Amino acid sequence: MSAAILASEAQAAGVSFPILTFLVVTPAIGAAMVALVNNRRPEIAKQVAVLFGMATAALSIGVLALFKTGVAGYQLVEHARWIKEPQISWALGIDGISLWLVVLTGILFPISMLGASPHENEKPYYAWLLLLEAGCLGTFVAKDLFLFFIMFEIVLVPMYFLISGWGYDDRKYAANKFFLFTMFGSAFMLVGILATAYLHAKGGPVTFDLQTLAEHQGVIAKTTARWLFLSFAIAFAVKVPLFPFHTWLPDAHTQAPTAGSVILAGVLLKLGTYGYLRFGLYLFPEAAVWAAPAMVTLGVIGITYGAICAAMQKDLKRIVAYSSVAHLGFIALGTFSLTTQGISGSVFQMVAHGISTGALFLLVGMIYERRHTRAIAALKGLQKPAPIFAAFFTIVTMSSIGLPGLNGFVGEFVILQGSFLTRRWWTAVAVMGVILAALYLLWAYQRVFHGMPDEDNASFAELKFTEGLALAPLLLIIVFMGVYPKPIFDRMEPSVTHLVQHIEEHTDYREPGVARKGPEVVPVSERHSEEASGQTHADEHGDATENGEGGH
Amino acid sequence: MTLLAEIQKLDTPNVEFSTILPVLLLLGGAVLLLVIGSFLPKRSKTPWHATFTLVTAGAAIISSVVLWFRVRDDGAIRALGDTVRIDGITVFLTIVIAAGVILTALLTDGYLRRERLEGPEAYVLLLLSASGGVIMASANDLVVLFLGLEILSIAVYVLAGLHIRRARSGEAAIKYFVLGAFSSAFLLYGIALVYGATGSTNLTAIQSFLARNILTNNVGLLAGFAFLLVGLGFKVAAVPFHSWAPDVYDGSPSPVVAYMASGVKTAGFAGLIRVFVYGFETSQADWRPIVAVLVVLTMVIGSVLMVSQTNVKRMLAYSSISHAGFILLGIDAATDRGVSAMLFYLATYTFTVAGSFGIATVVGRAGDNSHTVDQYRGLAKRSPFLAFCFMILLLAQAGVPLTTGFVAKFMVLGSAVDVGRYWLALVGMVSAVISAYAYLRFVLAMYGEDSEEGAPKRYKVPVGAKIAISASVIVTLVFGFYPSPLLQASRTAAPIASAAPQPTAAAQP
């Protein structure tokens, strides 16, 4: 019977254009095409790669155009059975949360191809990059745990080869560390996925469909669900990375080729934060509420620790890498504040961080191209010979710091607004992180761009037209998102609200009323009757008030 | 008159030849090849011997396919006085073993020519050994199991020493033989003890005896379990019965190792399924904890020791030990799901491991000695084909998604989780990460490093090896992308006790 339902569902989905499948498959085909380019003409490889990257970007914009604003659930759903028993499907769908990550991925890949080139062996480089794109997009649109895991894991392979093949001096160490850390995390997740599906089946047919598993809460015992949540949480904590698992990140970012760093920071880290939303909060709401204090603490530690480390770095790329640790801390804070604002801000910040850090890595890569060093001590007064370059760098730096009017501000502000409702003290500490960000980035900027350039730096080349072309869209997005974030929030909001409602439905947790309806006003006459209604009401709001009380 | 009647009772069972056709084909092919081989020229441009082997193995596969449909529709066939049981597992594993023979034969041809060792004996032994493996997979009697094991093993002992001019090949053969004979003794003693405890060597009889009776003193039976586990554990190279594997894999001719790691291992696991999951089904509480310990040891020690290997054959040896641990997870689960996961694992692992040793055969060059990691440095530039294939096969063994290695691991771990062995699954995944590091080292050496000085600029890949390696890679990728048909087949094959006389509740005391 279920087979018949699946078949009809697949048929219904098959009528419309399967845009999400095309979205995932196009870069994969591109990778194959690049690999087939004649060895004697390697310059074509880049053109083919950019072509396919652009086509994927167009498809991702197409997804944005087809997306219906105001719908909370999955849209553009596709479903085709892949394996019969256990039930595993090629199930794709998109909602307000994944939409923006898909668009971000679609845009960032062609830009990273245009903005930075490898100096040798171009063919495999572009093939791996396109394969990486397919994996990232697949992760964001997967609606089946098995498919998600496959995509989540497959991403490792191209990234591993990109770092180890085209990275800098210490690339092998960094690539191995990256691969092993992430795979170690995924090891737990795979067991978690299997256990979730098999426990949920209770001897019946095993399914890996996310919605089926998430909407039927209570099948798995509370304590078990917490263990399962932890198994997922470790995988994502490594990927994000949260504080104790972050050590692979500075190495991988620094040693990766420029495009690798852009994608690593811009997209790959978001796989983890996205995972928390989708497989933490949605799949295990009770456990997520239970773990929220710990996760928020890790996020705040990440913010301050990342900022302090960034301030101490001598290498420009390492500063940006540690700044990612700090920014991702904000995203964790927002996610586990479990408020509508906090989660919306997190999703926004994921995109904002992807754009601005991507641009920063591109700029640092361009500095390295010109000077063959990233050491801050060796760079000085670049503003003089390259004012336009410096201007670009300034805007991107300001966006990363969170200057009002640019995208970084909106994300951080909304996150802090949300987290303040449930976690006041944590938020207070996190705000310090914003100040620290200004400190380390401005200080680095000052050392690199201000002053009088010495001999080596005086001949620093100005921004080339093609480089400007790659950076311009990012700058436009930075400004647009900063000035007019409404269309972005509008599209994600129903999904985020639905997620918070889902958590409330399955747990004792209640979002503070302020988050949705504004300050609660109780007329005096009702107040007495409310007190009389007794303990139950107070219990219901127990979590919220308890958390709120921390701030008094 | 009475005497005559007695003789009638002792009459040999009716032999239904069609049911054991695959065995007969392999055995007959071996004997025939021995005869024809003496007429054919020893050295010839045309690969007569290899072709004959391929045809024989192909015929065994075809006859198995016929049996497959018969078994699928009518249930398991019990033949030769219930000493042989042809069910889905038998047929599935027969095809897997025959596929292993085909891959090995394809590799062997080029190898024998390169090493100037041409002749039919390698193929004769290969077919003989495969017939032993198939007998093991169809055994429903411990004595038949032992018979199969010996036919399988003795041929492989000789195969290990095939390279007569290479001392290490001889050393490997002696080591394998001495330790193998020792383990056979354990197996035989285990059979004797189980017979003593249950009064039968027939697995169906043992199963129903154990279901109906509770032994007041089961020391003999438990010792029998243990000895059987040692004997079969040796064949599949489970820790702590693994110590022969690295040395023997290292010393034996590389194509032979491809067979050892695929065919022999498959036969060993067939025996384990038969004896433990089927025969001792009702005593799971007694043997499952021991198997669980073996699983942990095998997975972890295999992976950890793999990391420090610089010789590709030794690395693959430890890798195959670690994989044996994963496959044992299915035995530990002792469910249909576990068995079907094992079947899938064995089928796909046969290809990945045979392909890997195929590459080791080619890169090993004349003398079969160039197996260090140095030989693989910069291989991507010198031979993109070999490097690409090896990369895919290594990633598959590391369990990277979209390869069969991932699906196989996913299935066995699923079967472990299904019976509540979360910690075993977790240990498995962690050891998979450790082993991934070892595989990556070779991948990185091929792609990220420069060639050693004096490394050959190009490799001569014989046609047979090219076919075998390509086929392995194609199977690894195709079933990695779309595992459904093979999973379906393994699930159809797995239910083991369906046709056995189920011990009814009423019959129990």
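This is a predicted model: local features need pLDDT of at least 70, side-chain atom pairs count only at pLDDT 80 or more; totals for chains, interfaces and linings use all residues.
A salt bridge, as the term is used here, is a side-chain nitrogen of Lys or Arg within 4 Å of a carboxyl oxygen of Asp or Glu. By that rule the structure holds 29 salt bridges over all chains.

Chain A has 25 helices and two strands. The radius of gyration of chain A is 23 Å, close to the 24 Å that the globule rule gives for 552 residues, so chain A is as compact as a globular protein of that length. Its C-alpha trace spans about 80 × 55 × 40 Å along the principal axes. Of the 552 residues in chain A, 61% are buried.

Chain B comes to 20 helices and two strands. For 509 residues a compact globule would have a radius of gyration near 23 Å, and the 22 Å of chain B agrees with that. The C-alpha trace of chain B spans about 80 × 55 × 40 Å along its principal axes. Buried residues make up 63% of the 509 residues in chain B. Residues 24 or more positions apart account for 82% of the contacts in chain B with a separation of 6 or more.

## The contact between chain A and chain B

The contact takes 33 residues from chain A and 36 residues from chain B. The size of an interface is often given as the accessible area lost when the parts come together. Between chain A and chain B the buried area is about 3,200 Å², and carbon and sulfur atoms give 79% of it. On the side of chain A, the residues that lose the most area to chain B are Trp82(A), Val191(A) and Tyr198(A), together 17% of what that side buries.

How many salt bridges are counted between chain A and chain B? The count is zero. The rule for polar contacts finds two residue pairs across this interface, both at pLDDT 80 or more.

Four elements of chain A each supply at least two residues of the side that touches chain B: strand E1 (75–83), helix H6 (145–154), helix H7 (156–166) and helix H8 (171–201). H8(A) gives the most to that side, with 15 residues. By class, the side of chain A that touches chain B has 26 nonpolar, two polar and five charged residues.

## Salt bridges within the chains

| Arg | Asp | N to O distance |
|---|---|---|
| Arg318(A) | Asp251(A) | 3.8 Å |
| Arg113(B) | Asp109(B) | 3.2 Å |
| Arg377(B) | Asp374(B) | 2.9 Å |

The pair of Arg318(A) and Asp251(A), which meet in a salt bridge, links distant parts of the chain, 67 residues apart. Arg318(A) lies in helix H14 (residues 316–335) of chain A and Asp251(A) in helix H11 (residues 248–255) of chain A. Is Asp251(A) buried or exposed? Asp251(A) has a relative accessible area of 14% and is therefore buried. Arg318(A) is partly exposed, with a relative accessible area of 22%.

In chain B, Arg113(B) and Asp109(B) both lie in helix H4 (residues 88–114), four residues apart, about one turn of the helix. Asp109(B) has a relative accessible area of 19% and is buried, while Arg113(B) counts as partly exposed at 25% relative accessibility. The cut-off that separates these two classes is 20% relative accessible area.

For the pair of Arg377(B) and Asp374(B), the closest N and O atoms are 2.9 Å apart. Asp374(B) counts as partly exposed, at 28% relative accessibility.

Chain B also has a network of salt bridges, which links Arg168(B), Glu171(B), Lys175(B), Asp247(B), Asp250(B) and Arg314(B).

## A loop residue in chain A

Where in chain A is His450(A) found? His450(A) is in the loop between helix H18 (424–449) and helix H19 (455–458). Its relative accessibility is 36%, so His450(A) counts as partly exposed. Leaving aside neighbours within four places in sequence, His450(A) is in contact with Lys380(A), Gly381(A), Gln383(A) and Tyr445(A). Of these, Lys380(A) is 70 residues from His450(A) in sequence and 6.5 Å from it in space, C-alpha to C-alpha.

Methods:
Residues are numbered from 1 along each chain as its sequence is written. Chains are lettered from A and ligands numbered from 1 in the order in which they are written. Side-chain values use heavy atoms; hydrogens and water are left out. Contact means heavy atoms within 4.5 Å. Buried area is the accessible area (1.4 Å probe) that two parts lose on being put together, summed over both. A polar contact is a pair of N or O atoms within 3.5 Å; within protein, one must be able to donate a hydrogen and the other to accept it, and residues adjacent in sequence count only if both atoms are side-chain atoms. Ala, Val, Leu, Ile, Met, Phe, Trp, Tyr, Cys and Pro count as nonpolar, Asp, Glu, Lys and Arg as charged, and the others, Gly among them, as polar. The radius of gyration is taken over C-alpha atoms; the globule rule is 2.2 Å times the number of residues to the power 0.38. Buried means under 20% relative accessible area, exposed over 50%, partly exposed in between (1.4 Å probe, protein chains only).
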